[in-house]
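Student: I would like to learn how to read a chain in a model like this one. Please start with its charges.

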Amino acid sequence: MIKPEAVGLSLTLRPPYRPSTIAINRKSAVVVGVGLLAALGVVMYVVKLFSWGDRAEWAYPAAITLFVLSSVSAAPLVAFASRMARGYWGLPARRVVELFALPSMLLFALLIPILGSLPPFEQDGVTRANLWFGWGGGAPFLTDQLAVSVMLLAGGALMWFAAVPDLAGPPSRVRAMPAWKRLLFLNWTGTKRQWIVLRTSMRWISAFYLMMYVFVTMILTTDLGQSLLPGWRSGIFPAYHVITSFQGAIALIVITLFLLRRYAPSVGQFIGDEQAASLGKFLLALTLFWFYFFWSDFLLVWYARLPSEVAAVQTNVAVTYIVPFLIAMFGQFLIPFVTLIFNPIRRKLARLTAVSVVVLIGLLFDRIRLFVASMSSENPFSHGLAELPEPYYPNAIDILFMIGVVGMVAAIYLWVLTRIPTPGGWEMREGAMYRREQKYMHAEVLVLGKPD
Amino acid sequence: MQEPVTVDRETANRELLDFVFAWPKWFFATTGLLGAVITLGLIIFLLLMIFGLQLFGYAHPVYWGFPVVNFVFWIGVSHAGIMVSAILRLAQAEWRRPVTRAAEVLTIFSLMTAMTFPIIHSGRPWRTLYWEFPYDWMRGIWPNPRSPLVWDPAAIFTYLTSTVMFVYIALLPDLALARDRVKNPIGKAVYGVLSLGFRGTTRQWRIQAIAGILLSALILPIFVSVHSIVSWDFAVTIIPGWHNTVFAPYFVIGAVHSGVSAVVTVMIVMRYAFGLKNFITKDHIDSLARLLIIVATVWLFFFMLDFMFGLYGTEPAEVDTWQRRLMEPPWTAIAIIFIITGYIIPVGLWLFRRVRRNFFLMFVTTVLVNIGMWLERYMIVIPGLERKSNLTFQYGDYLPSAAEFGIIAAQLALVIAGFLVFSKLLPIMPAADIKEGQILRDEIKVGRARVPATMREA
Amino acid sequence: MSARDSDRKRELLGLYNEPDDAADAVSRLRGVGFGGNDIEIISATPYPEGAFGEQHAKHRLFAFPFAGAACGLAVAIAWHIGAQIALPIVTGGKPIVAVPAIIQVLYEGTMLGAVLFTVLGVLFESRLPDGIGVYDDRIADGLIGVSVMARERRIPDAQIALEEAGAVDVLSKDGSLMRPAAASP
């Protein structure tokens, strides 16, 4: 049971609550380190560009890109879920997760050389399996990048719209702005009508972002995964990715909240075990879903014993990439499952953070076993693997590239934290308005309002 | 505007138990009619025993017909209870209170009905034991647990047992209430035994609350496994149109779509038939409809995955099956009706608040969903089998016979009758749960507005 | 009265119209030295835990599903692996003991065990079946009962505390109405 003192959003939130950005000491070792890693990422990206068109060279970059898609880009969806469920636990976390929309924009740049290295759908009269069914409209490069761009724009718009009431300042300031800036700030003066429009548009943009996210996941995982490994045909694969992305997103959010609580008191004062209790439940559920989706895929191939399917599963599960698969299984399922079923672990942010780190490591290895296997496959035009491929190991540049991408994500996130007030002010104030702690006879209770 | 349930304790006790203690005339008429239809089903079943499966419209190579379609359909409907009850309990959704019991009871009776179909389908029910249970130990004959046909009964047995236990534990306080209110001494004795002496001590209430959460958390994974295993009856084979890895979640979410829609249908009927207007409000139907929009859209996504990844490999047999499903009569018509009634009309209408809060329209749209979902199962089961393979020397069209339609009607009547009889004997709404909701109800004043609120233990 | 009789505990049940009165009764009983497991609130509706100032119920319900799951899994493993070994027929080219194919039934066995043990745990922790407590049908209509287990010699203290809090009636173990304490000799 969560005790009132452990509740993040306690009565400390008294109006007027003024949201602020986070002040970061640019000379601290952590910030300098993140900056260096980001610079490393940029350098490695440029170095890798010299391998343009060599598909196998882009195998590990593809894995880390899909890892970013499955954690960073999925994070803003948690804000949507929290708003839909009107969950109080999510109030201090919503802005924190929406800000991930900005580092998520790295996807666009990362995908250019990766998609550019893909072979055509048809070669010497033979067509490889694909989701575009011979459509010649620039698939997969243009179609995938277009879909990714639309998704990223929706994520950015969601982040911006949610932040406008906190950024705009008093109406007099907005009225004094030049026209383009006023437009950017949605001419925000906080009228009732504007609030209604803002909420409605946020709802629709979030729903649109979710649908685009699912669509992008489906096409990217197929174009960079199944379509390149002969004999691999799995309808559940996109859904597996969506589910594991939600798992990765929750893990990322838990880690971020933990770090903010530790190092950013202005945010940390609102983050407590209430957030852990809710996020822990989701993480446990998604952990079970990992097994369910994996098993639904594996069992059918094992049972039907079609040679082409069996060879594909032997490649990315049972033989060639068995080590990354085992790390993924332990990280995404076994360890989180046996730990998160216990309340004392699930409901404490620090302990949940430790499990979340394990989950993210598992997710990374999962993406490696899936996408390195496909991107490095020799002949995507055959109907099945004649023999199992050898594992494709990363070289130093691949490893530095992956570390650099993580650095770039962290650097952009740190930067945006200094620009947009966190946690969001208007939602926090509104939440406090509808929440009260009181006594009911001898018991301490929370009264939670649910406005229509 | 939200409409919270607001009745005093006395009215709640009276109205919630009214149907248990009263004998309205329509009850006899309805049970009589249902009894007649069930009798018809029994006669058909008897004839089936005598004349065999030739009474059905099977024609080589199709030997999985209506019984299998109905089996999948009723298993799907049975997912209503646990989906609505367990998930909403875990999410502490306040509006769940009047909905849970009916949903759980629907689960029990639809599951029991579903279980009869494999028995009918086997043609020689007395031999079902031979395949499923190790009855012949002396000769060393054991069932084959590697077969999905053994997984199925294991899953259904677990699900049925768990659901019955879940309902029973949640029923204890209401059985005690019935014990205290009933005048008839026999009734008092029966309810007394069933309620196990439940008095409503603090400890008992505390355990009830934890049990609700714990059993919900345990039953949810079972609920997911049941329809997944049903889907694997098909998907582990290599029959075109069936062998797709997405089948398990696709079946589960389809079941939820069908089941929650059935719950809405039942709730609306109960509201008028049992005089529960104070308890089933527009808010409940609205909330369920919102849930259904999400469920239906996820279901559509999985349907699209099934479709796209059916064609993805461009394997001729798969492509042929999909072509038959979508492009050849009568399947084209069935596909169109299924997608229109299963998604386009209902979800299109549910986007409008006015429709979500209209009992008549919600009744119609949820019935449409189940027509669509039945056709979906029909479309999954039959065309995959209708394909000529290299070893098909004899080929005929499967046309469902009158006997099969008769059995469908009888099974529908069986579910309704089961539900009705349960409602007659036991409270179909969780009285204690509803009254707890009244206690926990509060409001928060913001300016001049009063916002409905709920108390939670801190 | 023998010393043994005066040592025996008896249950008294005070009935109240209002939850506040019931909470008051609990405070008064505490005031005269009753505590711990001696006091129980009986109601037809659950109230937030601790609302009456009663002690939090300790339980071990969470252990039951784990024990059940372990038993269920053990039985399922024995049954299904045993069945495969007892009738070793190769089907579909699968091994005789085919683990992936029986994961499903092992899972169902585990879950069934967990559910059944949880149900047993619920009954055990709720102290059911219970046919010995004092009870009154009016509780179903909304009255709230405060039950107290008192030794024979402390019965008058308990009765006075219950009555002073505004009890509608005070009942003794066999359900009979207690005479008001003030009228007692």
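Student: How far apart are the mean positions of the positive and negative charges of chain C?

Tutor: Lys and Arg count as positive, Asp and Glu as negative, with His and the chain ends not counted. Each charge is placed at NZ of Lys, CZ of Arg, CG of Asp or CD of Glu. In chain C, 16 positive and 23 negative charges have mean positions 9 Å apart. This is a predicted model: local features need pLDDT of at least 70, side-chain atom pairs pLDDT 80 or more, while totals for chains, interfaces and linings use all residues. Residues are numbered from 1 along each chain as its sequence is written, chains are lettered from A in the order written, and side-chain values use heavy atoms, without hydrogens and water.

Student: In what order do the elements of chain C run?

Tutor: Elements are DSSP runs: helices (H or I, at least four residues) and strands (E, at least two). From the N terminus, chain C reads α-β-α-β-α-α-β-α-β.

Student: How many residues of chain C are in contact with chain B?

Tutor: Contact means heavy atoms within 4.5 Å. On that basis, 58 residues of chain C touch 56 of chain B. Buried area is the accessible area (1.4 Å probe) lost on putting two parts together, summed over both. Here that is about 5300 Å², 66% of it from carbon and sulfur atoms. On the chain C side, C:Pro46, C:Glu108 and C:Val115 lose the most area to chain B, together 11% of what that side buries.
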